[in-house]
Amino acid sequence: MKAIVPILRIFDIPKAIEFYCEYLGFQKDWEHRFEENFPLYMQVSRDGLALHLSEHHGDATPGSAIIVHVNGIRAFHGQLHASNYRFAKPGLEETPWGSLDVTVTDPFGNRIVFSQPAATSEAN
C-alpha cells in the first residue's frame, strides 16, 4: 500500500478552485468529464498529497472530514493567513494529545485538519 486519496464532494467549480488552489496552494493536476455538461471529477495536489474533488452525486458525502499529517504547520498557518482569503481565518490549535492543528472547512462543508503530530511539533 502506498497512499490514500480522499474524494471530497464539491458543488461549484470556481469556488473549489478558489479554495483548494488559490487559498490552500494546491495545483490542479487533471480534470475529467464523461461528456460536455457532465459532472467534473478532478485531482489537486500539494507536497505529495493528492485529493480528488467530485461533482458526481454518488461520490463522497458532503461534510466529510479528513486529517492530513504535515510538517512545518506554523509556516503553513502563516501562508494561509497571508493569502487573505476572506472566508476563513483558521487558528493554530494545540490539542490535548500534543499535536498542532489548523482546521479549515471548504465551501461544501468538508473539514480538513492539517495536523503536525506531537513528535515533530517541537521542531517546527
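**View 1. Buried residues of helix α2.** Within helix α2 (residues 73–82), the buried positions are Ile73, Phe76, His77 and Leu80. Around the axis they span an arc of only 100°, so they lie on the same side of α2. The model shown in this and the following views is predicted.

**View 2. Packing partners of α2.** The buried residues of α2 pack against helical and strand elements: α1 (13–23), β3 (41–46), β7 (100–105) and β8 (111–116).

**View 3. The opposite face of α2 and the residue after the helix.** Ala75 and Ala82 are exposed and sit on the face of α2 turned away from its buried side. Just after α2, Asn84 adopts a positive phi of about 55°.

**View 4. His52 in strand β4.** Strand β4 covers residues 49–54 and includes His52. The relative accessible area of His52 is 14%, which is under the 20% limit, and His52 therefore counts as buried.

**View 5. Polar contacts of the His52 side chain.** The side chains of His52 and Tyr41 are joined by a polar contact of 2.7 Å. A polar contact of 2.9 Å links the His52 side chain to that of Gln43.

**View 6. Surroundings of His52.** Leaving aside residues up to four places away in sequence, His52 touches Val5, Pro6, Ile7, Leu8, Trp30, Tyr41, Met42 and Gln43. Among them, Tyr41 and Gln43 are also polar partners of the His52 side chain.

Key. Residues numbered from 1 in each chain as written. Predicted model: local features only at pLDDT ≥ 70, side-chain atom pairs only at ≥ 80, totals over all residues. Heavy atoms only, no water. Helix = DSSP H or I, 4+ residues; strand = E, 2+ residues; numbered from the N terminus. Buried < 20%, exposed > 50% of the residue type's maximum accessible area, 1.4 Å probe, protein only. Polar contact = N/O pair within 3.5 Å; in protein donor to acceptor, adjacent residues only side chain to side chain. Contact = heavy atoms within 4.5 Å. Arc of directions from axis to C-beta.
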